[in-house]
Amino acid sequence: MLTAAVCGNVFASPGPTQVRRAIELVDNQKGTLIIVKNYTGDVLNFGLAKEQFAAQHPSKADKVRFLVVGDDVAVGKTQGSIVGRRGLAGTVLVYKIAGALAQTGASLDEVYAVAEWVSQNIATIGVGLEHCHVPGTAVGQAHLTSSEIEIGMGIHNEAGVQRVSPVPPLNELIQTLLDLLLSQSDPERGFLPTGGSGKDNVVLLVNNLGGVSELELGGIVREAVIALAGRGVAVQRVVSGTFMTSLNMPGFSLTLLLLPPPSPTTAPPSDVILRLLDAKTSAPGWKWSSGARPSVAPSSSAVLPERATEQRQRIRAQDEQEFVRAVERACNALDKAEPEITKMDTVSGDGDCGLTLQTGAHGVLALLHAGSISGEDVVGALIAVSEVAAEKMGGTSGALYSIFFSALAQALSISGVALYTYTCARPPSRTLVDPLSAFVGAFSENLRRAAEMAEATRDVEARIGRSAYVEGGLLKRERVPDPGAWGVKVLLEAATA
């Protein structure tokens with residue numbers, strides 16, 4: 001990697017004196033390569049430092065080379081014709097490959113030539129949900145609404161070139177970003193000379209701009225690899241992590257390094273580039289990568305063989321259409337109640353209950369609209385809801401709902417017995433078991449009892465569930481009902497409305 005780095009204030013270039021001092025500190029017999037991201041202040045100050053060093057040490061003037069990297073594709077060729085493209089996360093790949101080559105003992109000219117080639121074959125595009133906050137400044141109003149994203153974000157908090165609303169699904173967003181990176185038909189783009197014949201090979205760098213979790217970053221990597229494969233672009237390496245941030249910006253950037261074709265060219269061989277990229281380094285900022293080509297997982301939408309089930313008697317609802325409407329009302333009510341339930345769970349749990357119930361509701365609605373749940377087969381509908389709870393919701397809530405609806409499908413009269421087989425929760429327990437138990441135990445007045453039990457969880461001491469780990473005084477002060485129990489209340493009230 002780099003032998004030295006020179007930093008200025010936040011989003012500002014260092015002065016020439018600082019840079020010149022760094023050049024002096026790393027001075028050696030083979031020479032020094034200065035790699036600078038293309039920003040006016042950086043180019044001016046690093047360039048001035050280079051010239052000052054050469055003036056003070058004439059015999060070493062030819063031992064210092066200067067490379068400016070600009071890999072941003074957000075700004076088109078016309079607009080950027082004078083200032084050029086901004087330097088973004090792709091510069092990190094130049095650092096890594098040039099540094100690894102220098103480590104092998106290559107000459108300054110050889111290192112410069114490879115670094116220059118890499119800089120000419122990289123392209124980067126950034127996207128964010130919001131701008132970052134600069135330390136020491138007042139927290140301003142949000143630049144973007146909750147339904148917007150901005151494409152073309154820079155690393156110095158610069159605005160992007162395009163705002164998109166509503167926020168598209170990740171797979172659609174990735175396609176938009178790849179259009180900017182790979183387009184050959186747009187006269188303002190075409191920065192990467194791709195062949196478009198299904199024989200292009202790339203290195204993919206997914207860079208965290210500061211506020212993205214590792215889990216989210218993994219999802220971005222997966223979607224990008226799948227999307228590139230769909231375009232006939234083979235990803236030979238994936239490098240993913242936090243390499244070049246804009247402080248705490250909630251966003252990411254995609255970088256593609258187009259590898260040279262196998263046919264003879266003046267470019268360094270592809271295997272050499274990959275070997276330099278894979279070379280081990282002790283630099284703390286470089287994140288481990290596998291050094292292998294990523295595999296593209298098969299689509300999760302593959303059709304699975306139907307499971308063999310015993311024949312059973314179908315039970316029709318007394319009013320089939322009302323049964324469907326009741327299920328739909330319950331799902332829509334849970335979907336609408338997500339913010340309220342999530343707020344409750346941020347106090348009494350881990351904040352995921354609202355989203356868990358919403359996921360389950362969406363899963364049931366999907367089956368309802370597909371005709372897999374209907375009033376023609378109530379037991380089959382209950383089994384389907386049970387499977388959605390187990391497979392889509394997950395966690396404790398998903399397991400309890402699945403057990404309950406499975407048992408309800410067998411016989412309403414014994415569903416409580418089955419439920420208690422797999423949980424030690426007994427009312428009052430400050431869990432969703434409280435209203436479920438009321439629903440079964442007093443069926444004739446189930447709704448009133450279930451609502452009362454859900455309300456009563458406000459004043460029940462938590463003995464089991466996530467609330468048991470929360471400081472008791474907080475629960476008493478806030479009087480927040482158990483979010484899982486509240487979800488049951490919302491479901492039943494909507495279904496019987």
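Trainee: Which span should helix H3 have at 1.5 Å a residue, and how far apart are its end C-alpha atoms?
Mentor: The 14 residues of H3 (residues 90–103) should span 20 Å at 1.5 Å a residue, and this agrees with the model because the end C-alpha atoms are 20 Å apart; the expected span is 1.5 Å times one less than the number of residues, and helices are DSSP runs of H or I with at least four residues, numbered from the N terminus. This is a predicted model, in which local features need pLDDT of at least 70, side-chain atom pairs count only at pLDDT 80 or more, and totals for chains, interfaces and linings use all residues. Residues are numbered from 1 along each chain as its sequence is written, and side-chain values use heavy atoms, with hydrogens and water left out.

Trainee: How many residues of H3 are buried?
Mentor: Twelve of the 14 are buried, meaning under 20% relative accessible area with a 1.4 Å probe, protein chains only, and among them are Gly-90, Tyr-95 and Lys-96.

Trainee: What about H7, at what angle does H3 pack with it?
Mentor: The angle between H3 and H7 (residues 270–278) is about 95°, with the axes 8 Å apart, where axes are lines fitted to C-alpha atoms over the stretch in contact and angles run from 0 to 180 degrees between N-to-C directions. The two helices are therefore roughly perpendicular, a term for angles of 65 to 115 degrees.

Trainee: Which residues make that contact?
Mentor: Leu-93, Lys-96, Ile-97, Ala-100 and Leu-101 of H3 meet Ile-273, Leu-276, Leu-277 and Asp-278 of H7, with contact meaning heavy atoms within 4.5 Å.

Trainee: And what is the mean pLDDT of the chain?
Mentor: The mean is 86, and 89% of the residues reach 70 or more, pLDDT being the predictor's confidence in each residue, from 0 to 100.

Technical notes:
Buried < 20%, exposed > 50% of the residue type's maximum accessible area, 1.4 Å probe, protein only. Parallel < 35°, antiparallel > 145°, perpendicular 65-115°, else oblique.
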